[in-house]
Amino acid sequence: MSRNSRRPRRCRTEIPYRGEEAFVTGILTSEADFEWAREWRVSDAPDYATYLREAGELLAEAVEGYGAVRARRFHPEDFADHCLLHGLDPREPAARDGYLVNPPLRTQLVTYRGEDLADFLPRLDRAREGGLALRYADLLMDGALCGAAGPRDADRAADPRVRWTYQQASEVFRRVLVGAGCGAYEFRIAVDAPGGPLEAQARVLHWEDGAVRIHDEDLDLVTAVLCAGLYCELPGAAVLHGTQGSGALCGEYRQVAWAWRSTGYDWTPAALAVDGVAARPGFSLGTVV
């Protein structure tokens with residue numbers, strides 16, 4: 001992000017934004033990253049606290065002036081690698097713009113809707129980690145998952161097998177959430193990929209009326225991991241844990257932890273642990289409609 005102008009700068013990109021005029025920026029999410037990036041003159045803020053205040057002001061202005069506002073974590077190591085790969089001077093604004101909208105890293109972009117910066121920064125960190133996992137899942141599927149338009153368009157891919165697998169992965173996650181009922185949960189999944197575990201996690205709010213709240217980037221990653229596991233027939237495990245119930249149900253709450261295991265073909269109840277979270281066998285997904 002640059003302070004050469006107090007007005008938000010437009011970043012034109014080949015990434016599809018459904019016809020919207022989008023503002024794209026990068027944010028340094030830690031003081032260590034801020035100090036690392038000083039030599040590139042990414043910002044002339046005297047300290048990280050000032051930098052964050054100005055970043056918040058820039059985002060607020062952008063929300064008022066643009067149809068879409070998206071941001072990603074400005075990761076100094078990733079940026080240095082990008083410049084080295086493309087022969088760019090990291091001190092040039094064009095190098096930063098190219099890094100921010102680099103198509104292979106578009107899955108790290110997060111839509112900003114006016115939330116507090118303190119809540120937004122952790123999403124940027126998770127989106128970078130999730131974006132790297134998405135690239136791994138895409139690699140396992142020989143580039144068929146992300147394609148040119150992103151993982152959510154895999155259900156319209158030219159390859160029938162990719163479409164079918166993506167639809168099956170989405171259906172598995174839907175049945176997990178429908179079967180759990182209303183509550184506040186965390187879902188964790190890991191599949192045994194050849195180069196190391198492919199993992200994802202997401203926080204989910206399931207309301208009494210059936211509406212589900214989950215961040216788009218978390219939904220993309222969970223579905224991608226499920227999809228890669230089914231596509232490559234990789235064994236895996238998943239856990240859903242949290243608080244079931246709501247105030248609308250006479251204040252009835254209970255702590256739950258359910259688990260499922262996959263042989264690579266389907267998901268069945270099993271007693272196991274994922275990332276330190278132990279759970280009893282979950283409900284049969286085949287009984288959920």
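This is a predicted model: local features need pLDDT of at least 70, side-chain atom pairs count only at pLDDT 80 or more; totals for chains, interfaces and linings use all residues.
How many bridges join β4 to β7, and in which sense do the two strands run? Nine bridges join them, and the strands run antiparallel.

Strand β4 covers residues 183–193. On its own sequence neighbour's side, β4 pairs with β5, residues 196–206, through eleven bridges in the antiparallel sense. The two strands form a hairpin, with two residues between them. If you want a pair to check there, take Glu186, whose bridge partner in β5 is Arg203. Is β4 mostly covered or mostly open? Mostly covered: nine of its eleven residues are buried. As a general point, side chains in a regular strand alternate between the two faces of the sheet.

Next, the three-stranded sheet. Its order is β1-β2-β3, it is open, and the pairing is mixed. The edges are β1, residues 22–27, and β3, residues 110–111; each has a single partner strand, so one side of each has no neighbour in the sheet. Between β1 and β2, residues 68–73, the pairing is parallel, over six bridges. Within that pairing, Ile27 stands opposite Arg73 in β2. A helix belongs in this picture too: α2 lies across β1 and β2, and runs at about 170° to β1.

Now the helices. In general, two packed helices are described by the angle between their axes and the distance between the axes.

Start with α2 again, this time against α5, which is residues 117–140. Their axes come within 11 Å and cross at roughly 95°. Angles from 65 to 115 degrees count as roughly perpendicular, and therefore α2 and α5 are roughly perpendicular to each other. From α2, the contact uses Tyr48, Leu52, Ala55, Gly56 and Leu59; from α5, it uses Leu117, Phe120 and Leu121. By class, that is seven nonpolar residues, one polar and no charged.

The other helix pair is α3, residues 76–86, with α4, residues 93–100. Here the angle is about 110°, and the axes are 10 Å apart. That makes α3 roughly perpendicular to α4. Which residues make the contact? On α3 they are Asp78, Phe79, His82 and Cys83, and on α4 they are Ala95, Arg96, Gly98 and Tyr99. This contact has four nonpolar, two polar and two charged residues.

Last, two residues in loops. Arg41 sits in the loop between α1, residues 31–36, and α2, residues 48–65. Its phi is near 55°, which is a positive value in a residue other than glycine. Is Arg41 buried or exposed? Arg41 counts as exposed, because its relative accessibility is 55%, and the cut-off for exposed is over 50%.

Glu233 also has a phi near 55°, again positive in a residue other than glycine. You will find Glu233 in the loop between α7, residues 216–231, and β7, residues 236–246. With 41% relative accessibility, Glu233 counts as partly exposed.

Definitions and conventions: Residues are numbered from 1 along each chain as its sequence is written. Side-chain values use heavy atoms; hydrogens and water are left out. Axes are lines fitted to C-alpha atoms, for helices over the stretch in contact, and angles run from 0 to 180 degrees between N-to-C directions. Helices (H or I, at least four residues) and strands (E, at least two) are DSSP runs, numbered from the N terminus. Angles under 35 degrees count as roughly parallel, over 145 as roughly antiparallel, 65 to 115 as roughly perpendicular and the rest as oblique. Contact means heavy atoms within 4.5 Å. Ala, Val, Leu, Ile, Met, Phe, Trp, Tyr, Cys and Pro count as nonpolar, Asp, Glu, Lys and Arg as charged, and the others, Gly among them, as polar. Buried means under 20% relative accessible area, exposed over 50%, partly exposed in between (1.4 Å probe, protein chains only). Two strands pair if DSSP finds at least two bridges between them.
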